[in-house]
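I'm opening my notebook on a new structure today.

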Amino acid sequence: MSSSEDDDFGQKLPPLYLYLKRILDKYPEGGQILKEIIQNADDAGATEVKFLYDDSDYPVDNLWSDNLKKYHGPALYAYNNTTFSDQDWLNIQRPEQSGKREDPLKVGRFGLGFNSIYHITDLPSVLSGNCLGIFDPLENIFNYDPYKNKQYTNKPGKKWKLKGELLAPNCTPYSGQFAPYLGVFECNESSFERGYFGGTLFRFPLRKEPSKLSSNVISKDRIMGKEGWITTFQNDIDLTLLFLKNIESISVYERKGRYGEVELIQEARITETTRHQMRGSKTTFLHQVKQNKESGPMSMEMEIEVTEKTHKAVKRWIVVHQVKKSGLSTELKKLSEDNDLGLMPWVGTAVEMVEANTIHISDGRIFCFLPLPPSQTTGLPVHIHGYFGLGDNRRSIKWPDAESRNDKTARWNQLLTCDAIPEAYAHLIMTAITVFKWKPDCVYRAWPDIQKVTSVEWQQVFKKLFSLLLVKEVFYSKVSGGKWLKLGDAAFDHPTSFKNKDNQEAVVKTMLDCCAPVVTLPPHVMKCLEHFRVHIKKITPHLVRLYLRKNTRKLESMDRKTKLQLLAYILEDGSYAELKGLALLPLANGNFIPFSKKFQASKIFIETEEHKQSLLPNMDVVFLDPTLSHDLRLMLREACCATQLTLLTPTHVLDNLSSALPYNWTTSNAQNTVIWHPDKKGEPPINWLGDFWSWFERQHGVDTSTLEGLPLIPLDADTYSGPITLLKLKKNGPSAIFKKTSSWQYQAVLNDEIASIIEILVVT
C-alpha cells in the first residue's frame, strides 16, 4: 500500500517481554531485589516478611501445560502477613501504574521495582487472600485451557480463586500445578479448602535456561552462594528494619529438597522490649503523615535482635523520623506540592549504640526507607533517610549537574539534604542528650567529622546542622557534677590555649574545681567550629587568674606540681600585675606565698649565676625556689618588673649577710670569736665561707661597712672540718694574723688571695 493512501496510524506497544526486558536493564540484579519485595510488603502494612530458598523438585504430573515442568524446580519464596486488596490485584498487573500516587505512604507498591524479580524468573506467581495468580510475560503457558478446552492468544497469565477442588486430581487436569505452594509458610490444603490464605506468598522459580526475557540462568549459587542475592541481603538485614513504616521482622530460610527441614538461616526482629512503644509512636506519626499534617520529629529507641542459627545479638538504635511542612524554603515547599513529583519532605536519622559508653561509628549509609547499596555512603557517623528521588535503577540518588539543572527530582534531593535532613540530625543529637541521657563521648561521636565527608552533596548538611546545634545546650562540661551548656556559656579547652601541653590537664582540672564551665571537645568537633569560624571563649591565662582569685582557698589544698603548672600557665601572657594575691610564688623553703606588687612586700630574691643563694645561708624564706625549671625561672625573672621578685645583687648579699648568719654569732659584742659547727642544723654549711670570699674577691666598688663585726675569719684549723673558730672582722684589728710565721698567737687558715682581701679591710 502506498504511503499516500489512507490507513490506520499510531504508535504500538512492544510485546510485554520486551518492555520488561528494558526494565531489567535499569535494575541490576542482586540483593536489592529482595528489598523491593520488602518495600511492597511494608506499603501493604505487613509486620513480617520471610524469604525461603527451596531447593526442591516438585512432581510434574497434572500440570496445566508441559511447559510448566521447568518451573517446578528450585525457587525463591517471599511471604508477608498481609493480604491483597482488590486494588492490589489491579496494581500488580499494571507495570509503572502503582498505587503510590493515590497514597503518599505507598513508596513502591508494585511499581517498576517489583518487576526486577524477572531477573530471577520467567514465571512469578502470587498467592494472597482468596486468589492465586501466575504471571506469564512470555505468553506461552496459558494460551490453552485444558479444563475448558479453549484456545487463547497473547494471554500473559492466569488467576484462580482458591477452592478445594483445585487440588483434587479427579476434578481438574492440573491439580499438580499447586503442589509447590503446599507446606510453605503455613499454606496447606486447608487454605484451598476454606478458600482463603491469610497472607501473601510469592513464588519465583529459578530460570533454568536463557529466554527472550533474560539470558540469565539462575543457579543456587546465584541465590545462596558467597556473593549470592540472599547472602548480600543478609549483610543489611538488620539495617533494613530501621526506617520502614510497619515491618518488624525479616527472616531467611532454606529447604534442601522437598522433604527436607525448613532451616532458619538468619532473622532480624525488633524486640518486644521496644516494639510496643515504637508501634504507638509510629501509628501517631503515620496518621499525621497520611492526613498531610505537620509532623514534629519522632524519636524512638529500637532494639533489633539478629539471630543466626544458635547465635543471637541485640543491636540498639536511636531512630528519628520527621515530615516537615512549615518552615521549608519556598522552593522546597513548592516541590513538595508538585503532584507529578509525588515526594514529601520525609527524612530521618539513625545511630547505633554498641554499649552504654560508645556508639558504633557507621559508614553513613543512605536510605530511602530501605538501605541503598553499600556503595552509597555519606561519610557521616549516622545513617540518613530521605524520601529521595532515585535514579532509574533505584540504587542511587539523583543530584543536579550540568545536564540536569532543571531536573525537579535532582533539585528536590539537593533541597531535602540542605534544608530538612539537618533538622532530623540535630534532633537526633538533642534526643540523645535530653531523652536517652547519652554520655558526652557518645554524643560527640554522633557529630560529623567534616574531613570524612568528601562529597559536595553531603557537605550541604553542615551549614544548617551547626546553626541549629550551636544555639542548643550541646557542649558538655564536668563542672558541678556535669551539665550541658550553650556555646556562649562555655569556656573551651582549646589546643591553642596552651603553649606547653604539659600544663593543660592541671589547668582544666583546676578551672573545673573553681566552678568554671570548661568544655573539652574531641578534635573533630573542634574542627567543625573552626571550619565555620565560630567565635568561642577559650581558656586563657587571664581567665584562669580570674577564677583563681575568686577561689583562693582552692590553692591551699593543691599539690606542689599542680601549683607550678598553674604558675607556668598564668605567666604565659606576661600580665604580671594580675598575679597580685595569688599564692603561687614558690620559695626555696617549699612554701608558696601570694604575689604582691613591687615595693608592697618584702623582696623575694632570685639567685643568678654570679650571685648564688648559698652566699646567704638559712635564707630560704626570701629566695625563689632554685629547683624550678629553667623556663619557669626565666618567666619569673620577667615578672620582677611588677612583683616583689628581684634579682640578687652584691648590695643585697652584703645587706642581708648578718641576717643570714646564726643569731648568736652577731648579737654578742663581747666575744671576738664564735665556734662554727658546719654540720649543725641552722649553721652555714662547710663550703659557705670559701664561696663567700671567692665571690667577694670578684666584686668591685661595694660598700663593705656591713661586714664589720661579722665572724668571717677562720682560726686554729688546718682544714674545714670539725668545729672551727671564727674571728669577727674589725677595722684596726691585729695585723699579726696575716703574717705567716709559726711564732704568732693566731694562725688563720687562709690562702694568700683571701688574706690580702681581708688585710685591705682590717689594716688601717
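Leaving aside its neighbours within four places in sequence, which residues is Phe51 in contact with? I looked for contacts, meaning heavy atoms within 4.5 Å, and found Leu34, Ile37, Ile38, Tyr77, Ala78, Phe185, Ile230, Phe233, Ile250, Ser251, Val252 and Tyr253.

A note on what I am reading: this is a predicted model, where local features need pLDDT of at least 70, side-chain atom pairs count only at pLDDT 80 or more, and totals for chains, interfaces and linings use all residues. Residues are numbered from 1 along each chain as its sequence is written, and side-chain values use heavy atoms, without hydrogens and water.

Next I looked up the nonpolar cores, which are sets of buried Ala, Val, Leu, Ile, Met, Phe, Trp, Tyr and Cys residues joined through side-chain atoms within 4.5 Å. Buried means under 20% relative accessible area with a 1.4 Å probe, counting protein chains only. The largest core has 130 residues, and Phe51 is among those with the most contacts inside it, as are Leu242 and Trp447. Helix H9 (residues 408-434) gives the largest share of this core, 13 residues. Another core, of 42 residues, lies apart from it and includes Val479 and Leu645.

Then I checked the whole chain. I found 20 helices and 28 strands, taken as DSSP runs of at least four residues (H or I) and at least two (E), numbered from the N terminus. Of the 764 residues, 53% are buried.

Last, I turned to strand E26 (residues 673-676). Val674 and Trp676 form its covered face, while Thr673 and Ile675 form the uncovered one.

Note on methods:
Buried means under 20% relative accessible area, exposed over 50%, partly exposed in between (1.4 Å probe, protein chains only).
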